[in-house]
Every structure is written in C-alpha cells, then in structure tokens.
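Here's a friendly walk through the side-chain contacts of one protein model. Have a look at the structure first, and then we'll go through its charged pairs and its aromatic rings.

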Amino acid sequence: MVMERQDLDELAALIGDVERVSVSAADREAHSRDESFHEACLPDVVIWPESAEEIGRVLRWANQRRVHVTPWSGGSSLEGNPIPTRGGVLLALYRLNRVLELREADLQVRVQPGIVYDDLNKRLARHGLFFPPAPASSDVATIGGMVANNSSGMHAVKYGVTRDYVLALKVVLPTGEIIHTGSRALKSASGYDLTRLLVGSEGTLGVITEVTLRLRIVPEKVAAVAVFASPAEAAQAIYDINRYAPTPAGIEWMDQHIVALVNRWTGMSLPEVPMLVMEFHGTLEGARAEAEFVGEICHDCECVSFEIGHSRAERERLWAGRREAHNAVKQLHNDCDLVIGDIVVPISCYPEAVERIYAAGQAHDIAVYTFGHAGDGNLHFEVLMPKDDPNAHQRGEALNTEVVNYAISVGGTATGEHGVGIGKRRFMAAEHGASLELMKRIKRLLDPNGILNPGKIFEEFD
Ligand SMILES: Cc1cc2nc3c(=O)[nH]c(=O)nc-3n(C[C@H](O)[C@H](O)[C@H](O)COP(=O)(O)OP(=O)(O)OC[C@H]3O[C@@H](n4cnc5c(N)ncnc54)[C@H](O)[C@@H]3O)c2cc1C
C-alpha cells in the first residue's frame, strides 16, 4: 500500500511528537539497507518510538490499514533481515537503549532492546558480570537485534548462543497486543516456551521491547595462536580440540588467503598460512592449563607453532589479525559484492566442509575466503563477486547453494547466526521439510495480515 499524507498525519498523532516521525530522504535512505549486498528499499516513514505502548498503537493502526512495519535496531545484519522490502513504517528501536534493572544477586539484567552489546558489557563489567555471545559486530549489534537473529559469536562454543541467555521478553504483537513471556526462573516446565519461539524470529512475529538476560561472571583469560602448514591439518586440529579438550571459550579459523589479506590491510606480518586463534576462560591457572593441553593437540596435528599470551596486551596482539578479517575483505575488495556464508556442520564434518568450499570456489571460478567461529562447527566464507563481472552473482550464488546444500545433507544448517533474512529463504524447505509449513502457520496466527517484516524467512509472505 502507498502511504498518503493523511496516513502520515495519523501516525504523527499516534506518536504525539513530530520530531520522532520522519519522511526525509536522508532518514529513509539511512534505514534502507543492512550490511549485505541485498537491494536497498526505502521505507515510507521512519519512526523512533519511546515505549511499548507507542509501538502497540502504531502496530494496531498498521494492522487495520494493512501497512507493512519493519523493526530495525543496529542495521548490521548480513542477510537483508531489517530491509523494509515493502516500504511502509520503519520502527527505529535504537533509542530504546536503557538498562532497566540489574539484579546483581541473581546474575540477571533487564534491558531495552536498543542497547549495543559492547555498551551493555561495559556497564556489566563494573559488577564483574558479562553477557557472553560476542558477535564480531559487537560495537554495533544491539540486544534486540541479537535476540531477533539469535546471534552468537566467538564464545558460542563454550557459552552457547543468545537464546541460551534470554529468560523473559516483553513483546508487542503485530495486532498491537503487548505480552510478557518467560520469567526470572532459570528453568521452567510451565507451558509452551514462547520466549524461545520469539528468539530468532527476525522481527516477523513481534517487536521486542524488553529483554531479561541471565549473565555470567567475568573470567580470567588466556589467548593462543596455532599456525599450520596446510588447511587440512588445521581443520583436523579443530576437530581434535572439540573431541578431546575441555571446551575453549573461542576457536577462530583463518585460512592462508585471509591471513595474507589481513597483512596487506594492517601492515602486520603474520605467517601466511592457516591459523587458529583461541581463547580460554577460567581461573588463570585453569585457563593456562587448558591452553597448554590444546597446544599438545595442535602439535599432534603437526602445527608449525603454538603461542600463548596472558596479559591483555599479548591477548590483543594475538587476536588483532582475526579482528580485522572482515574489514580487510570489505576495504580491499570494495569493488566486489560479498556472499557471506554461515553454515554449521556437525563437527566431525568440519575438515570436509573446508575442502568442499575450496573445491566449489575452483569449480565456479570465484575467489573465496574462509574464517570464523570454528569451535562449534560454524564455517564462515566470504565469496568475492566483482561488481563489473556480469556473471559473478550467478557464480557466487551457485557456490553458496552448493555449500549450503552440503551442510544440510550432513545434518547441518544454512545459518548458524546471521539468520535467514532474504538470502537464505530458498534453503528453508530443504532444511525443515514439513515443519516449514508449521512455521508458516505460526506466522499467520500471530500476524494474520502479514504486516510485520514482510519477505523475511519465508518467500510466501513477501
Ligand atoms: C562485520 C560484521 C560482523 C558480524 N559478526 C557477527 C557474528 O559474529 N555473529 C552474529 O551472530 N552476527 C554477526 N553479524 C551480523 C549482525 O551484526 C547480527 O545479526 C546482529 O545481532 C544484528 O543486530 P542489529 O542490532 O544490527 O539488528 P538489525 O540488523 O537492525 O536487525 C536484525 C533483525 O532483527 C529485527 N529486529 C531488530 N530489533 C528488533 C526488535 N526490538 N524486535 C523485533 N525484531 C527486531 C530486524 O527486523 C531484523 O530482522 C555481523 C555483522 C557484521 C557487519
């Protein structure tokens, strides 16, 4: 539906503050794309709500008029998740960014959804607490966006993903009704688990306005880097560490191509071979002992070197290359669009998955880097699609399809953390079979007019 002047006047009246309702080209443009190559789409109007009640009024109005509404937080998604593909209202939620209640004795915090991950953890650090998932986009990803995408990151291997920390939610449904799910209890057998349904629903089932998170105590940390002569040996080490070692807090994989690119981008002089960048948490002695044990495993897998760092400065140095990996691709290949792969395979398939990606790169004649949170079987790959090559998108997508289908065929998933958005919709039937139909029925039940974040997860509701 095209929005008329009268619609905009009604919306402004619902919000009661014209400063928080904008139709300016700059505001609409700023909320038209995420960090992916998916096509930008302009919303008709951008609204910055300040309460669940305001969001409820906007959704009730939009539901009656069949106007589309898309929630937006940090805009850092990689699959087109917050792009307002059908225009309409863009709900910009990042000003809802307060810590509402810290229950230190219970290791819990209740926050508004717009607070940025790093900002929350800085506040929590004063109390010796933290929220572990640690996405690589931690300086922009908000808690609302993380809950909606069920994000995770380098610590997922030890601590789990966002879903494992969400105890309760306050949510505005597409009809405007406000509900609370969950409780502050650490476990519950009480009825259907609506909290877990809403986590990972990518803004298609409701707008999250409050999140209660459980927290962990900040541990001592030790870092390590293992360098290998070949990808096969490094991939074998990932498997052996998972199989035989106590769980590290992070195992990040970098192939030789990404290491070389990071050197070009940063001026570092890392050895241009595959490496694993790791972190261990616990008491200092415990973390050090774990690191040394993993060192023995890496030596058994023929690593060329294994270096441990204890101080903050040493840890920062060992992690510096990994932190710059995506930036290096983005800056040095700014003439390319990127397919950013996010498969997860059962850990025993990890070495084969790495080989498959390289083979697919060769078969489709397209360059590909592999790096990411390897410890839990998550394998990221970034495929370069030169913008001036008319067939590059076709070849990049063909590689992606082949690799995702491989992951699904071995019992893995199309996406470990970035969500389905637009880019992974075509794999949903293969991955979920008949239960995809049940997901659609749930969507229809909660959003009968299909107004909320259209075109995401399911092709049908576009
Ligand atoms: C360099 C880089 C590195 C990244 N690394 C990681 C990583 O390590 N791990 C990872 O998981 N992801 C990663 N991402 C992807 C992205 O940062 C995460 O998915 C992040 O959690 C998205 O948060 P956001 O605040 O930017 O949300 P947005 O992108 O604004 O929105 C995400 C989705 O949530 C919906 N949404 C937003 N707020 C709400 C709300 N309050 N209620 C309901 N729905 C809502 C949106 O409609 C959209 O579907 C990375 C991205 C970049 C650019």
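How many salt bridges does the structure hold? The count for this predicted model comes to 22 salt bridges. As a bit of background, side chains of opposite charge can pair when their charged atoms come close.

Here are three of those pairs, with the gap between the N and O atoms.

| Salt bridge | N to O distance |
|---|---|
| R33 and E29 | 3.0 Å |
| E307 and R317 | 2.7 Å |
| R426 and E397 | 3.1 Å |

Let's take them one by one. In the salt bridge of R33 with E29, R33 has a relative accessible area of 43%, so this residue is partly exposed.

Next up, the side chains of E307 and R317 meet in a salt bridge. E307 belongs to strand β15 (residues 303-309) and R317 to helix α11 (residues 312-323), so this contact ties together parts that are 10 residues apart in sequence. E307 is partly exposed at 35% relative accessibility, and R317 is partly exposed as well, with a relative accessible area of 45%.

Then there's R426, which forms a salt bridge with E397. This one links distant parts of the chain: R426 is in the loop between α14 (392-409) and α15 (428-432), while E397 is in helix α14, 29 residues apart. Both count as partly exposed, R426 at 37% relative accessibility and E397 at 22%.

Some salt bridges share partners, and that joins E101, R103, D106, R110, K170, R184 and E210 into one network.

Now for the rings. How many aromatic pairs are there? The count is 3. One of them is F130 with Y159: their ring centres are 5.6 Å apart and the planes sit at 85 degrees, so the pair is edge-to-face. Since F130 lies in strand β7 (residues 129-130) and Y159 in helix α6 (residues 156-159), the pair ties together parts that are 29 residues apart in sequence. Are these two buried or exposed? F130 and Y159 are both buried.

F131 and Y165 also make an edge-to-face pair, because their planes are at 70 degrees, with the centres 5.9 Å apart. F131 comes from the loop between β7 and α5 (143-149) and Y165 from the loop between α6 and β8 (166-172), so parts 34 residues apart in sequence are tied together. F131 and Y165 are buried.

Note on methods: Residues are numbered from 1 along each chain as its sequence is written. This is a predicted model: local features need pLDDT of at least 70, side-chain atom pairs count only at pLDDT 80 or more; totals for chains, interfaces and linings use all residues. Side-chain values use heavy atoms; hydrogens and water are left out. A salt bridge is a side-chain nitrogen of Lys or Arg within 4 Å of a carboxyl oxygen of Asp or Glu. Buried means under 20% relative accessible area, exposed over 50%, partly exposed in between (1.4 Å probe, protein chains only). Helices (H or I, at least four residues) and strands (E, at least two) are DSSP runs, numbered from the N terminus. Rings of Phe, Tyr and Trp (its six-membered ring) pair if their centres lie within 6.5 Å; planes under 30 degrees apart count as stacked, over 60 as edge-to-face and the rest as tilted.
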